[in-house]
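Dear colleague,

Please find below the structure that I am handing over to you.

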Amino acid sequence: MRIVGARLEHADSHTLERFLATGGNNALRKALLEMTPEAVAAEVLTANLLGRGGAGFEAGRKWGMLRKAKRRYLVVNGDESEPATFKDHLLVERDPHQLVEGATIAAYAIGASLAVIYLRGEFALGLERVQEAINDAYRIGALGRDIFGSGFSVDIVLQPGAGAYICGEETALLESLEGNRGFPRIKPPYFPAVIGLYGDPTIVNNVETVSNLPWIVENGGEAFKSLGSGRSTGTRLFALSGQVNRPGVYEVEMTKITFRDLIFGEEFGQGLAPSRSLTAFIPGGASSPWFFPEHLDLPLGQDEVAKAGSMLGSGSVIVMDDSSCPVRSAWRIARFFARESCGQCTPCREGGTWIDRIMERIERGNGREEDLDLLLDLCDNISPGVVWPPAQTTICVLGPSIPPAISAAISRFRDDFLLHIKEGRCPHA
Amino acid sequence: MPDEMVSVTLDGQVVQVPKGTPIIEALDQIGVHIPRFCYHSRMKAVGVCRMCLVEVSGPRGFSIQPSCYLAVAEGMEVVTTSEKVKKAQSGVIEFLLANHPLDCPVCDKGGECPLQDQAFAHGAGETRYVEEKRHYAKPIPISRLINLDRERCIQCDRCTRFADEVAGEALIDFRGRGNAIRISTFSSVEFDSYFSGNVTQICPVGALTATPYRFKARPWDLTQAASTCGWCSMGCQVSVQASQNELTRMLGIDSDAVNHSWLCDRGRFGIAEVNNRDARVLVPTAKANGIRGEVSWASAAATVARLVKQARASGGNASVAVIGSGRLNLEDSYAWAKLALDVVGTPLVDGVLGQGEVASTWFERAASIDQALAARALIALNVEPKEEVPVLHLRLREAVGNGLHLIEVNSTATSLSPMAATSIQLSPEGVGGLAEAVAASLPDGDGDVVILVGGRNRAMDPAITGGILRDLVAAVPGARILSALGASNVHGAFLAGLAPGVLPGAARGAVPSTWRSPADSGRANYAGILRAAAAGEVGVLLLLDCDLEEVGLTPEAIEALGERCALVSLASYESATTRAAAVTLPLATWGEARGSVVNGEGRMLRLGEQLEPAGLSKPGWVAASLIAGDLGDDMSILTAGDIWAELKAWGGAFAGVEPSIFSSTLDGPLLPVARWEAGGAPRALDPVATPGISSVSRQGPDFRAGAVLDPYAVGTGAAPSAKVLASGREVPAAVASERVPMELGVPGEDEAWLILSRRVYEADARLAANPALASFVRGDRVRVSPARLARLGASDGDRVQVVGPVVLQAVAHADDAIPDWAVAVEGRTIAVTHLIDGAGWSRVRLERLDG
């Protein structure tokens with residue numbers, strides 16, 4: 001079952017011609033000409049579309065929290081920059097018109113007169129194609145003033161990011177849009193739906209979330225909800241990477257397959273290299289707690305994964321086999337977040353780098369036994385209790401993204417750490 | 001309207017606090033101190049240091065939250081003592097110390113460092129950090145006054161917030177991110193702000209230090225006293241600190257009514273000139289046969305008395321004249337007013353350099369700063385607060401941000417212009433109808449209209465401003481006035497009676513028995529007095545902390561004046577005036593004598609004492625008392641207490657003034673004390689916002705008996721040492737001019753009106769004596785409208801000369817902001833003031849220099 005990836009079977013899926021030949025803008029016409037904004041929002045609420053950016057909050061409920069105001073904004077978050085997360089990358093390059101159509105529908109539903117698509121600056125081709133799609137939409141009357149004669153007008157602006165991962169954090173993204181440093185805002189009170197871009201209420205939705213909207217409008221919220229089960233409705237894109245034979249982006253109906261299916265299934269990851277065994281996998285992006293072989297039979301559903309102590313997050317599944325060094329893996333994750341810290345608040349700026357340095361020392365063979373307790377305690381000072389979902393002493397969740405990997409690695413692979421320390425080298429090197 | 005109160009539970013204690021109060025302030029109020037770094041009560045909370053984490057109840061149970069950022073809400077519960085809170089706080093301390101150098105023993109902040117103190121209170125005591133610390137080149141001089149040590153920096157965002165939010169000059173900002181985030185200036189642009197010193201005061205570590213204070217002292221070795229900054233009439237409350245009889249540092253005290261803890265650099269670093277003994281007048285001198293030699297105080301006072309007697313004998317009382325700059329403190333001003341008006345009996349008294357016109361309109365309508373900033377509209381007349389009363393500029397920026405309606409009346413665009421709702425040009429042609437135009441621009445609504453009046457254009461006699469002010473008060477019934485007039489105590493001098501047409505207290509009642517029959521100083525004006533002196537009608541000219549160069553006389557003119565009459569200079573700093581004077585009396589300067597001043601809102605403020613007066617300097621009232629004694633009338637002033645008793649007897653502004661008045665307020669009372677509501681809760685001093693000054697001692701005026709000191713302290717004798725002065729020079733035309741202020745006349749075809757804007761860094765004798773600040777004087781600059789420049793056949797960048805009483809040659813800049821009728825001049829040396837012709841609004845000719 002494909003929704004957001006339906007058009008991708010065509011090599012020219014990014015062109016206006018293919019877009020229009022495959023039902024493009026039908027949903028937009030339907031929404032604008034036959035439905036009220038409230039009706040569109042109601043369908044999305046019915047669909048129980050969960051946000052695809054990481055937090056998994058219901059998009060319909062988020063829209064419902066939008067403060068009433070004269071000006072409202074829609075911001076589409078396409079600042080996808082985390083290691084092993086690359087699903088939005090595919091959508092912006094291969095189906096930019098669907099994104100523009102979805103953004104226009106969302107703007108209509110929430111009453112936004114301006115929508116901004118904020119794309120990771122390194123997406124050179126994506127930026128080019130989304131801009132073309134925006135230009136196309138203006139040309140055929142699907143964007144701008146009085147769209148399709150409906151009386152509804154909205155503009156979409158494409159904004160490239162400037163290379164900071166933190167700008168994918170929605171409030172840092174808004175700061176960046178306003179021309180400021182990408183420092184996350186403190187919530188409360190700066191929930192974008194209440195105080196967002198330029199102080200006005202703003203909805204920030206992920207690229208994949210928005211790309212689902214045309215299908216939902218065309219087929220109805222009930223049809224979407226009939227896919228998947230429980231709160232996990234519709235399909236999701238999963239970016240599979242790591243030590244797996246066939247990494248890639250797979251669109252699957254939610255809860256219908258397990259991690260074992262995704263990693264080992266013939267139509268998906270096709271398993272590991274010969275004679276390798278799986279030691280761990282990360283189910284929802286670098287910041288999520290690690291899973292191990294005993295979790296392989298969990299279905300790909302939001303609540304199922306949460307109940308098991310992790311998250312589906314951004315849909316990035318990273319596979320590790322027994323040839324990989326868990327210390328090194330955890331270090332790489334810590335280093336990524338430490339380097340991408342905005343530096344605004346103390347625990348993340350100082351704690352992140354400190355953990356990175358200790359992990360580097362251990363991996364290079366200069367570790368001390370007491371470093372393990374120190375690491376866990378530093379994690380505790382960034383994310384009290386090192387619990388899931390994480391508590392935080394920080395402003396945003398970037399800092400608390402480090403502890404899950406560190407604590408998972410230490411608790412599961414303590415012997416590996418001790419071996420590094422005892423032998424003064426990495427046993428996997 | 002009373003604030004809406006909410007009920008919150010703080011560590012089990014149920015309290016009522018105004019809605020919107022940050023949790024950290026609510027906790028402060030019940031005496032629970034939460035450690036903090038980035039929080040500053042005068043700036044927006046940013047919640048970045050994470051030091052003030054506490055547990056706060058919310059919809060999903062308790063969570064760790066920054067108490068500086070989150071406001072109290074009805075029913076909220078806050079826990080500050082849990083293990084979770086303690087762990088989080090000690091964790092943050094450990095993180096902050098991870099990369100912080102262990103150089104406390106050589107750090108200027110050591111001993112008064114919030115990081116040091118809070119690490120002791122909330123940290124673990126031992127470090128677990130064994131990695132390499134961050135390294136940066138250091139220190140980096142980010143300006144001529146400020147050094148940056150990036151290794152010590154804890155990225156609290158205080159300095160950067162101050163620069164952007166408070167000063168409006170975002171010249172420093174964060175650069176880089178994560179572990180590499182650091183404070184930086186932009187490219188090679190200096191952190192050149194009048195307010196830069198504040199960042200050294202609010203820095204919670206030793207990352208930002210002031211060059212003049214670097215390695216000068218340890219904080220625990222400093223003595224300190226509460227005082228009032230002596231630079232302008234804002235009256236910023238300060239802690240003045242000293243070590244080994246030298247002023248070492250000045251810190252702003254958070255006075256809610258006045259300066260909100262901020263200072264300008266001119267004030268903060270002004271102590272460097274006090275310390276500069278080479279520039280000071282240290283001993284009394286007298287001229288004998290044109291040669292200046294050191295004499296004893298007794299001899300000097302006797303000489304002055306003899307000169308006064310001689311002048312009166314030959315030319316009557318009016319052959320003695322007094323000009324003061326408005327810098328003498330209240331006690332000194334009063335004693336000199338009594339000496340001049342009552343003992344000598346001269347009507348020629350202008351102790352406020354012509355600003356008496358404005359002051360006389362001001363006092364009865366005086367508005368406090370708070371009232372002015374909360375007014376329906378504030379009319380800024382001939383004033384640029386940033387250059388004249390800089391800290392008011394900061395308060396004004398905040399008020400405009402909160403919706404204050406500002407109407408600007410100046411000759412050219414100023415730093416007010418971007419904030420002003422309306423800007424009305426103050427032009428020589430339009431002086432007549434100006435008040436009506438301003439009144440017509442007022443917004444509708446209730447509430448006071450306040451006029452902020454200053455002396456921006458120095459080439460315009462303050463009497464012109466005074467006239468416009470009178471018109472404005474008539475055109476806007478009920479308007480009140482906040483004064484931004486120049487010198488620190490010009491308002492106190494006026495209220496002490498040392499100004500034309502006023503008696504002490506600005507009183508109109510009976511003359512107290514301690515006075516006989518004061519002369520009527522009427523409409524005396526310094527310019528008129530100078531003309532009379534130049535015409536030989538004045539025998540003795542008493543100059544009270546007044547350098548005549550500052551009002552436009554060239555050194556040659558001053559010398560020539562000294563040959564027409566006997567100049568007596570009471571001064572702290574050597575200048576062309578002291579060198580030309582027949583007698584020079586060393587005056588104890590700021591920091592050397594207790595006393596009081598009155599600021600532009602009519603608030604009486606204390607001056608603290610931290611130094612022995614330099615050399616044989618004495619307080620000004622002591623000098624007056626000595627001279628009076630030699631005139632056969634000791635004025636019954638033997639202590640400052642005598643002065644206060646007389647002030648009270650005069651009543652008026654001083655009705656009800658008791659020595660105890662200062663003990664009931666951190667700030668100081670508004671005069672008359674009846675209009676001031678005493679007893680407002682003093683603002684708690686934030687130990688982090690103002691490190692080291694929470695225990696500052698508050699000195700009142702000096703009531704010590706016998707403070708006259710030893711009137712017979714002897715100098716080193718009368719050995720002739722100074723240069724022999726040239727004689728017989730003619731008095732220059734500028735001084736002899738007979739033009740009358742207010743009659744502006746019509747400029748000739750090639751003439752223009754002069755705009756000489758007052759600057760924070762004025763090239764006067766005191767600034768020249770200040771090694772920390774002397775380099776900040778701007779270079780010579782002549783700005784004219786492009787049209788005028790074109791008429792001259794010159795273009796932008798050509799050399800021109802400005803011809804007035806002197807000739808100034810400089811590069812001309814075409815500037816649209818300058819009206820066509822004007823020439824705007826600023827200069828590196830005091831010489832630009834010599835363009836002032838002393839005739840109302842000075843006129844100059846502009847000429848093109850060939851080649």
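Into which domains is chain B divided? Chain B consists of domain 1 (5-81), domain 2 (129-277), domain 3 (278-354 + 492-656), domain 4 (359-485) and domain 5 (743-848); domain bounds come from an automatic or database domain assignment. The C-alpha centres of domain 1 of chain B and domain 4 of chain B are 40 Å apart.

Please note that this is a predicted model, in which local features need pLDDT of at least 70 and side-chain atom pairs count only at pLDDT 80 or more, while totals for chains, interfaces and linings use all residues. Residues are numbered from 1 along each chain as its sequence is written, and chains are lettered from A and ligands numbered from 1 in the order in which they are written.

Chain A

Chain A is divided into domain 1 (6-225), domain 2 (228-321) and domain 3 (326-423). The centres of domain 1 of chain A and domain 3 of chain A, taken over C-alpha atoms, are separated by 34 Å. Between these two domains, 9 residues of domain 1 of chain A are in contact with 7 residues of domain 3 of chain A (two residues are in contact if their C-beta atoms, placed from the backbone, lie within 7 Å). On the domain 1 side there are 7 nonpolar, 1 polar and 1 charged residues; here Ala, Val, Leu, Ile, Met, Phe, Trp, Tyr, Cys and Pro count as nonpolar, Asp, Glu, Lys and Arg as charged, and the others, Gly among them, as polar.

Chain A has 18 helices and 10 strands, where helices (H or I, at least four residues) and strands (E, at least two) are DSSP runs numbered from the N terminus. Of the 429 residues in chain A, 59% are buried; a residue is buried if 20 or more other C-beta atoms lie within 10 Å of its own, exposed if 12 or fewer, and partly exposed in between, with C-beta atoms placed from the backbone.

The contact between the chains

In the complex, 26 residues of chain A are in contact with 25 residues of chain B. On the chain A side, the elements that give two or more residues are α14 (326-340), α15 (346-363) and α16 (370-382) of chain A. The most comes from α15(A), with 8 residues. By class, this side of chain A has 11 nonpolar, 9 polar and 6 charged residues.

Features of chain B

Strand β19 (residues 406-410) of chain B is largely enclosed by the rest of the structure, because 5 of its 5 residues are buried. L406(B), E408(B) and N410(B) point one way from β19(B), and I407(B) and V409(B) point the other way. β19(B) pairs in the parallel sense over 4 bridges with strand β18 (residues 377-381) of chain B, and likewise in the parallel sense over 4 bridges with strand β20 (residues 422-425) of chain B; two strands pair if DSSP finds at least two bridges between them. I407(B) is the bridge partner of I379(B), and N410(B) stands opposite Q425(B) in β20(B).

Helix α17 (residues 526-534) of chain B is mostly covered, with 7 of its 9 residues buried. Among them are Y526(B), I529(B) and R531(B). G536(B), which follows α17(B), has a positive phi, near 80°.

Yours sincerely
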